[in-house]
Amino acid sequence: MATRPVPRPGVLDIEAYVPGKSAAPAGVKLHKLSSNETPLGPSPRAIAAFEGLAAKLELYPDGTSTKLKQAIAGRYGLDPARIICGNGSDELLELVTKAYLGAGDEGIYSQYGFLVYRIAILAMGGKPVIVPEKNYTADVDGILAAVTPKTKIVFLANPNNPTGTYLPFDEVKRLQAGLPSHVLLVLDAAYAEYVRRNDYASGIELVAESENVVMTRTFSKIYGLANLRIGWMYAPAHIIDALERIRGPFNVNGAAIEAGAAAVADEAHVAAALEHNEKWLAWTTAELEKLGLTVTPSVGNFVLIHFSMTPGKTARDADAFLTQRGLILRAVGGYGLPDALRMTIGTEEANRLVVAALADFLKA
Ligand SMILES: *Cc1c(COP(=O)(O)O)cnc(C)c1O
């Protein structure tokens, strides 16, 4: 019998990640609210830095991303030696899984956790262990109860996507304190810059004082550089050492290094994006609730909107209705949330159009 190459166990159990849609019917203005991109775009300084690189495309980038690491370290008061940059934080989530989780090992994440964790675990031949949430929020006791001798990694998105909920820092510390010291806690803080809560922290402090905690961040959200793929991780020195050995030698491109460094320096641009989000997150949530829709309270730059199961009024029906008007939200059935759509907070125009369209949808 003819044989052919066969992927390792686990690979074909993966359902490929489906990105947010980005198409509208012909002739309709498109508002892409499906991937949590910022409506304000990147800093003009980041764009200028990106353009500056066009004359140097034949050169390999700096394989150590030094300029970017120094900019991040300066902004957040960190030791640059404890930062590793990646081709998006997705790459860092994969790298850390590759380094610490092998065939048959268990990786834990919560019920509505980001799907990249599942993909990373399965790709290594590991076993995804999914812990139920309470009120669309990660449950620390449930996660701790799911730990077994095979557990290698616990992933926690804080705030979580697609729910928008978060765990107060006390709860994150309780989670870390309850984990065996050989289990790695990965804090994915992709939306940290958006959170305005006194009891929230991204995890920098916990990474600084622990041997088994890392935090990932991204330039794809508030910094508006998703297209360049830039993420970073703050980690203990021994974990940086391991990841440095297995990452690609030039995993971050030169345009990303230059634009990322320029973006971090433009604090006024980030402040404007934050202000826009605060205003329109509150407005959108309140207006959707006035329509009688249930919205999971969010601290990020998106909201999870729940619909009824009545035929004609479901999330699927709403998605089709909105798409006709060029309003592209994110269906989250793949996350086990068939009753909901996730809406990224957009421009004022886009937010108003969604609310008006959903009023029409519910009346129709
Ligand atoms: C958007 C997002 C990221 C960022 O991914 P990049 O690869 O940096 O673009 C990471 N985690 C979560 C939960 C996200 O929603």
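Author: Start with burial: a residue is buried under 20% relative accessible area, exposed over 50%, and partly exposed in between, using a 1.4 Å probe and protein chains only. Asp360 has a relative accessibility of 29%, so Asp360 counts as partly exposed. This is a predicted model, in which local features need pLDDT of at least 70, side-chain atom pairs count only at pLDDT 80 or more, and totals for chains, interfaces and linings use all residues. Residues are numbered from 1 along each chain as its sequence is written, and side-chain values use heavy atoms, with hydrogens and water left out.

Reader: With which residue does Asp360 form a salt bridge?

Author: The general idea is that side chains of opposite charge can pair when their charged atoms come close. The term salt bridge is used here for a side-chain nitrogen of Lys or Arg within 4 Å of a carboxyl oxygen of Asp or Glu. The partner of Asp360 is Arg325, and their closest N and O atoms are 2.9 Å apart. Arg325 sits in the loop between helix H11 (315–324) and strand E11 (327–328), while Asp360 is in helix H12 (residues 348–363), so the pair ties together parts that are 35 residues apart in sequence. Arg325 is partly exposed at 36% relative accessibility.

Reader: How are the helices and strands named?

Author: Helices (H or I, at least four residues) and strands (E, at least two) are DSSP runs, numbered from the N terminus.

Reader: How many salt bridges does the structure hold?

Author: There are 20 salt bridges in the structure. One of them joins Lys67 and Glu258, with 2.6 Å between the closest N and O atoms. Lys67 belongs to helix H2 (residues 66–76) and Glu258 to helix H9 (residues 254–265), so this pair ties together parts that are 191 residues apart in sequence. Both partners are partly exposed: Lys67 has a relative accessible area of 44%, and Glu258 is at 24%.
A salt bridge also links Glu267 with Arg75, where the closest N and O atoms are 3.6 Å apart. Glu267 is in helix H10 (residues 267–290) and Arg75 in helix H2, so parts 192 residues apart in sequence are tied together. Glu267 is partly exposed at 48% relative accessibility, as is Arg75 at 36%.

Reader: Now the sheets. In which order do the seven strands of the open sheet lie?

Author: Two strands pair if DSSP finds at least two bridges between them. The seven strands form an open sheet in the order E2-E8-E7-E6-E5-E3-E4, with mixed pairing. Strand E2 (83–86) and strand E4 (127–131) are the edge strands, each pairing on one side only.

Reader: How many bridges join E5 to E6, and do they run parallel or antiparallel?

Author: E5 and strand E6 (residues 184–188) run parallel and are joined by five bridges. Ile153 has Leu184 as its bridge partner in E6, and Val154 has Leu185.

Reader: Which way do the residues of E6 point?

Author: Leu184, Val186 and Asp188 point one way from E6, Leu185 and Leu187 point the other way, and all are buried. Five of the five residues of E6 are buried, so E6 is largely enclosed by the rest of the structure.

Reader: What is the strand order in the open sheet of four strands?

Author: The order is E9-E10-E13-E12, and the pairing is antiparallel. The edges are strand E9 (294–296) and strand E12 (330–331), each pairing on one side only. Strand E10 (residues 302–306) and strand E13 (residues 340–344) pair over five bridges in the antiparallel sense. Ile305 stands opposite Leu341 in E13.

Reader: Last, the cavities. How many of 30 Å³ or more does a search of the whole structure find?

Author: A cavity is a set of points, on a 1 Å grid over the protein atoms alone, where a 1.4 Å probe fits but cannot get out; lining residues have an atom within 4 Å of a point. Grid points are joined across faces, edges and corners, and a volume is the space filled by probe spheres set on the points. The search finds three cavities of 30 Å³ or more, and the largest cavity has a volume of about 90 Å³.

Reader: Which residues lie nearest the centre of the largest cavity?

Author: Ser110, Ala138, Leu156, Ala157 and Asn160 lie nearest its centre, out of 16 lining residues. Strand E5 (residues 151–157) supplies the largest share of that lining, three residues.

Conventions: 1 Å grid on protein atoms, 1.4 Å probe; cavity = no way out; pocket = protein on both sides within 12 Å on 5 of 7 lines; lining within 4 Å.
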